[in-house]
Amino acid sequence: MIYFKLPFDETLYSTDNNPDEKHISFHPFDGAEIVTPQGKIITVNTDDLDELLHTSLPKDGNHYTAETKDEYLQNLTNVIHVIKENQLPKLVYSRRKIITDFQDINLKKSFKNLCDSYPNAFRYIFISEGNSWMGAFSEVLGKFNKKTNDFETMSLAGTLPVSESWSEKEIEEQKPVTEYIRNILKKHSDNGEESSTYDHISGNIKHLRTDFQARIQPENLDGIIQQLHPTPAVCGIPKDFCHEKIRELEKFPRELYAGYIKIETEETTFYFVNLRCCKLYQDSVHIFVGGGITAQSSPEKEWRETELKSEAILKNLSLS
């Protein structure tokens with residue numbers, strides 16, 4: 001089953017399980033097998049969420065142990081060494097925060113809390129044969145209008161508590177993401193538009209954001225998405241080198257985290273980056289968090305940033 005809400009839209013959507021219709025797909029970070037819930041997208045009543053109250057989650061058979069703070073700090077020191085040694089503008093490093101001190105998860109209440117907390121985000125809960133995920137995130141990898149051929153995307157990077165001021169580290173972290181997207185769109189359109197950079201508020205944190213819009217040829221859409229993914233915001237620069245280093249340096253596979261979710265309606269195709277998310281089990285919750293690391297990064301500050309990001313999910317979970 002899947003339930004979701006689009007940004008700034010409180011309509012609740014699901015699918016009708018028609019095996020001949022497939023309009024939603026989950027694309028993992030590393031290009032592994034795509035997960036495709038079957039069915040046509042339909043609108044449903046919030047009463048349908050009662051189904052979540054009787055849904056059984058799988059048990060956690062991974063036997064993973066999360067990185068301790070000391071392990072994370074040491075690993076991040078190694079990451080910064082790799083960045084300096086190879087003169088990388090940025091490399092994204094992530095970890096799992098694993099929660100086990102609970103007896104039960106109220107899925108309906110948790111999803112409702114998430115929807116209420118992040119009205120400007122794509123919000124979803126997806127449960128199917130060992131894939132049990134929930135998330136709320138604002139980063140749009142792409143949005144394509146089938147009638148006008150207009151394509152929209154964004155550069156979203158840098159993270160701070162809402163009350164703090166941007167430092168050079170966050171500003172420099174966002175610049176290569178913007179440049180990367182700009183260069184890709186220039187290859188496919190002569191009439192692109194780019195906004196100024198501004199603050200994007202998401203709950204208790206903020207990011208730096210730049211918006212892009214361009215008119216493209218429909219046959220180029222898939223190619224553009226493949227060039228954009230994974231963006232420097234979730235991978236690093238250069239993409240292929242950082243992608244390989246992430247496999248070497250991170251303790252866990254990312255699975256659906258930092259991949260993207262494709263939603264296709266009659267008029268629009270959406271591609272949302274699966275960032276603020278968690279994987280749900282009967283006896284544990286795995287919260288995925290990461291950050292863009294540069295040569296100027298402070299391991300201690302990066303740890304605090306990932307703790308702050310984990311709160312975006314953790315504070316909305318109804319655990320007992």
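Which residue in strand 6 is the bridge partner of phenylalanine 4? The partner is tyrosine 124.

## About the model

This is a predicted model, where local features need pLDDT of at least 70, side-chain atom pairs count only at pLDDT 80 or more, and totals for chains, interfaces and linings use all residues. Residues are numbered from 1 along each chain as its sequence is written, and side-chain values use heavy atoms, with hydrogens and water left out.

Strand 6 covers residues 122-128. Strands (E, at least two residues) and helices (H or I, at least four) are DSSP runs, numbered from the N terminus. In strand 6, 6 of the 7 residues are buried. Buried means under 20% relative accessible area, with a 1.4 Å probe and protein chains only.

Strand 6 pairs with strand 1 (residues 2-5) in the antiparallel sense, over 4 bridges. Strand 6 also pairs with strand 7 (residues 131-137), again antiparallel, over 7 bridges. Two strands pair if DSSP finds at least two bridges between them. Phenylalanine 122 stands opposite phenylalanine 137 of strand 7. The hairpin of strands 6 and 7 has 2 residues between the strands. There, glutamate 129 takes a positive phi near 45 degrees.

## Lysine 279

Lysine 279 sits in strand 16 (residues 277-280). Lysine 279 is buried, at 8% relative accessible area. The side chain of lysine 279 makes a polar contact of 2.6 Å with that of glutamate 255. A polar contact is a pair of N or O atoms within 3.5 Å; within protein, one must be able to donate a hydrogen and the other to accept it, and residues adjacent in sequence count only if both atoms are side-chain atoms. Lysine 279 also touches other residues, including Trp133, His286 and Phe288. Contact means heavy atoms within 4.5 Å.

## Pocket and cavity

The largest pocket has a volume of about 370 Å³. It is lined by 20 residues. Val140, Lys143, Glu152, Met154 and Arg209 lie nearest its centre. Strand 12 gives the most to this lining, with 4 residues.

The largest cavity has a volume of about 260 Å³. Of its 23 lining residues, Thr159, His207, Leu275, Arg276 and Lys309 are closest to the centre.

On a 1 Å grid over the protein atoms alone, a cavity is a set of points where a 1.4 Å probe fits but cannot get out. A pocket is an open set with protein on both sides within 12 Å along at least five of seven lines. Lining residues have an atom within 4 Å of a point. Grid points are joined across faces, edges and corners, and a volume is the space filled by probe spheres set on the points.

Definitions and conventions:
Buried means under 20% relative accessible area, exposed over 50%, partly exposed in between (1.4 Å probe, protein chains only). Lists of a residue's contacts leave out its neighbours within four places in sequence.
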